[in-house]
Amino acid sequence: MRYSEMFLPTAREVPSDAELISHQLMIRAGMIRKLAGGIYSYLPFGLRAIRRVEQIVREEMNRAGAQEVFLPMVQPAELWQESGRWVHYGKELLRFRDRHDREFCLGPTHEEVITDLVRNELKTYRQLPRNLYQIQTKFRDEIRPRFGVMRCREFGMKDAYSFDADEEGAENSYRRMFEAYQRIFTRCGLDFRPVEADSGSIGGSFSHEFMVMADSGEDAIAFCGDCRYAANLEKAEVARPGESAGEGEPLPLREVHTPGAKTIDAVCAFLEVSPSAVVKTLIFTADGVPVAVLVRGDHEVNEAKVKNLLGCDLLELADEAVIRAVTGSPRGFAGAVGIKARVVADYSLRGAANWVMGANREDYHLVNVAPGRDFTVTEFADLRVIRESDPCPRCGQRIRIARGIEVGHVFKLGTKYSKAMQASYLDRNGREQTMIMGCYGIGIGRTVAAAIEQNHDADGIVWPLPLAPYQAIVTPVNVNEPALAEAAERIYRFLEGQGLDVILDDRDERAGVKFKDADLLGIPFRITVGPKRLAEGNVEIKIRRSGEVVTLPVDEAGTFILARVREGL
C-alpha cells in the first residue's frame, strides 16, 4: 500500500483521556477513534491487526474441530428468562422493546442463543459432540468504560460452545479448547499464562483465564515459581493455616469503650494490638438474606469465594438499615456475638481464641472473644484474598503476585444452560439425557491492546510479527530523487509479489517525519533508501524490535526481509 493513499491519521500528542499506553498508541497510530463512551471505530490500520488475530483464532479453532457460525446480536428476552439471567445478569444487559412492545437485549454473550439453536437441531447421541464458534460483536453496558478497547461497551469476541453427551466428552472438549488457546496466544507472540479462575456471571463448575503478563494489567495473578499453580485473585486458594494470632486458652470476655474507633487501624491504635488479633465482621446480603462474614483484621474478604460458598446469585455489602437490623448498631461496630444473622468465617479463625471484635454497640468492642464459646460459626471456609506472603496451596513455596490482562476464558458449564433450557438428546438406550456444555471466549480487540501493552517503547508500538498490520515499510528519504524512488519501488514490488504486506512511504515529507511514523506504527522492518548508501549500491534495514541496522545490496534487501518474516511467522 502506498502511504500517500492510506487513511492513516497519526498524531504526535497523547490524548488527554487515554490512561493506558495501548489506548494512547492506538489513537496516535491511527488505529481507532472514539464515537461515544466505550464505543470505537476501527480505522484500516487497526482493523488489519484485528484481522491478524481473527485469522489465527479461526485456524486454531478449525484445527480443534470447531465449526464457525454467526449468531444474531439482538436476542429475545424469552431465552434469557428461560435461563434465569434476564434478572440476574444485571444492568450490563442492555434491554429494549421493539415496535411491537416485545422485549429484547443486545447480546453480551450467546449461551442462550446457541443452546436454543442446538436443542432444536441435535436430537441423538450420534450427533454429539459438537463445537460451534463465531467471531461477533458484543455489547455490555459497562458503568464506567475505560482504557480504550480494553474495557469498552461494544467489542469483538470469539465465543465457542461445546455440547457433549457425558462428562468424559466434556472434559475432552475442554482440554482441546485449552490446548487451542495455548496455540493461539503462542502464535500471537504473547507472553501469557493460563490461570484458574472464577466463572462469574457465565456460571459453570470450572474455568481458566488466559492472562497476558503486563504491569499495566487490570487483574492480579497469584502464581508459584516452583510449581505450575496459577490463579487470579478471585480464585486463588489459601492454604489452611497451622497457627493463628488469637489462639490460646480463652480469657474472660470483656467489653471495652472505644469511642470513634470504626476502622481496624483505629481499633488497633486504641487497644494497642496488631491487625492480626482483630476480627473484621462484614455484613452482606446473599439474595437478600443477611449473612456475617468474618476474616482477620489483616486480611481482605474475597467476595467471589463468599458467593460460591453461599451459592447465591447476588451478593452485596449490606446497607445501613440492614446492618442496624442485624447488629443493633451503626456501621463500624459489627461483631458476631449476639448477631441476628448466619455467621461464616475464614479458616484462619478456626480453633483460636482471644480475638478483638465489634460489640454490636456504638463505640464499643469486645476483647478475648472465643468462637464456639461466645458465638457459633455455621461454616469455616477459605474466604480471603491470597497475599504474597502466603504459601502455595499446592507445594508450600511462596506465592508471587503479578499483573495481567485477561484475553481469553474457558468455562466448563456443565448443565447450567442445557438443563434450564431443556437441551437434551436420546442416548443409546433411547433415554432422554441433558447435554453437557462448555464455553470458550477470546477478546479480539483486547488481544490487540494487550499485545501493545506488552510490546512498546518510547517511540511507539513494537508489534509481534504475527500481529503486525504490515510487515515492512520501504522509505525513500526523498521521493523527488528518481534514483531513490526507483530503487524503493523495486523493493516494494518484489515484497508485494511475494505476498508480504508492505507500505511504500511515498510521501513528500522529511526523512525524520517518516522515521518517526514508522516507529510509532511499529512496522517490524524498515528499509531506508538514502543517497549515500544507494551510491554504494546498498540500502539500510532497521529491525524495529532490536534496533539493529543491517546494510545490504539493493537486490538482497527483499530476500532478507522475506526470509526473516517467514522465519518469524
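In what order do the five strands of the open sheet with mixed pairing stand? In this predicted model, the order is E16-E14-E15-E17-E20. The edges of this sheet are taken by strand E16, residues 315-317, and strand E20, residues 379-381, each of which pairs on one side only. From one strand to the next, the twist averages 35°. Within the sheet, strand E14, which covers residues 279-286, runs antiparallel to E16 and is joined to E16 by three bridges, and in this pairing threonine 285 is found opposite glutamate 316 of E16. Helix H9, formed by residues 320-327, packs on the sheet, where H9 touches both E14 and strand E15 (289-296), and the direction of H9 makes about 115° with that of E14.

The chain in which this sheet is set has 15 helices and 31 strands. Of its 569 residues, 54% count as buried, and the C-alpha trace spans about 95 × 65 × 50 Å along its principal axes. When contacts between residues at least 6 apart in sequence are considered, 69% of them join residues at least 24 apart. The accessible surface of the chain comes to about 25,400 Å², and 47% of that surface belongs to carbon and sulfur atoms. As to charge, the chain carries 74 positive and 83 negative side chains, with the centres of the two sets lying 1 Å apart.

Another open sheet consists of three strands in the order E13-E19-E18, with antiparallel pairing. Strand E13 (254-257) and strand E18 (355-358) each have a single partner strand, and one side of each is therefore left without a neighbour in the sheet. The twist of this sheet averages 30° from one strand to the next. Four bridges connect E13 with strand E19, residues 364-369, in the antiparallel sense, and histidine 257 stands opposite tyrosine 364 of E19. Helix H7, made up of residues 264-271, lies across E13, E18 and E19 and runs at about 100° to E13.

Strand E7, which extends over residues 130-139, is mostly covered, with eight of its ten residues buried. The pairings of E7 include a parallel one with strand E3 (residues 67-68), formed over two bridges, in which glutamate 68 has tyrosine 133 of E7 as its bridge partner. E7 also pairs with strand E8, residues 154-164, in the antiparallel sense and over ten bridges; in that pairing, phenylalanine 139 stands opposite glutamate 154 of E8.

Among the helices, H11 (residues 444-454) is largely enclosed by the rest of the structure, because ten of its eleven residues are buried. The buried residues of H11 are Ile444, Gly445, Arg446, Thr447, Val448, Ala449, Ala450, Ala451, Ile452 and Glu453. With its neighbours within four places in sequence left aside, serine 22 is in contact with Met150, Ala449, Ile452 and Glu453, and Ala449, Ile452 and Glu453 are among the buried residues of H11. Serine 22 itself counts as buried because its relative accessibility is 1%, a value that falls under the 20% limit for that class. The distance in space between serine 22 and valine 337, C-alpha to C-alpha, is 51 Å, while the two residues are 315 residues apart in sequence.

Aspartate 517 belongs to helix H13, which is formed by residues 511-521. At a relative accessibility of 1%, aspartate 517 counts as buried. Apart from its neighbours within four places in sequence, aspartate 517 is in contact with Tyr3, Thr10, Arg12 and Arg507.

Notes: Residues are numbered from 1 along each chain as its sequence is written. This is a predicted model: local features need pLDDT of at least 70, side-chain atom pairs count only at pLDDT 80 or more; totals for chains, interfaces and linings use all residues. Side-chain values use heavy atoms; hydrogens and water are left out. Buried means under 20% relative accessible area, exposed over 50%, partly exposed in between (1.4 Å probe, protein chains only). Contact means heavy atoms within 4.5 Å. Two strands pair if DSSP finds at least two bridges between them. Axes are lines fitted to C-alpha atoms, for helices over the stretch in contact, and angles run from 0 to 180 degrees between N-to-C directions. Accessible areas come from the Shrake-Rupley method with a 1.4 Å probe; for residues, only the protein chains shown count as cover. Lys and Arg count as positive and Asp and Glu as negative; His and the chain ends are not counted. The place of a charge is taken as NZ of Lys, CZ of Arg, CG of Asp or CD of Glu.
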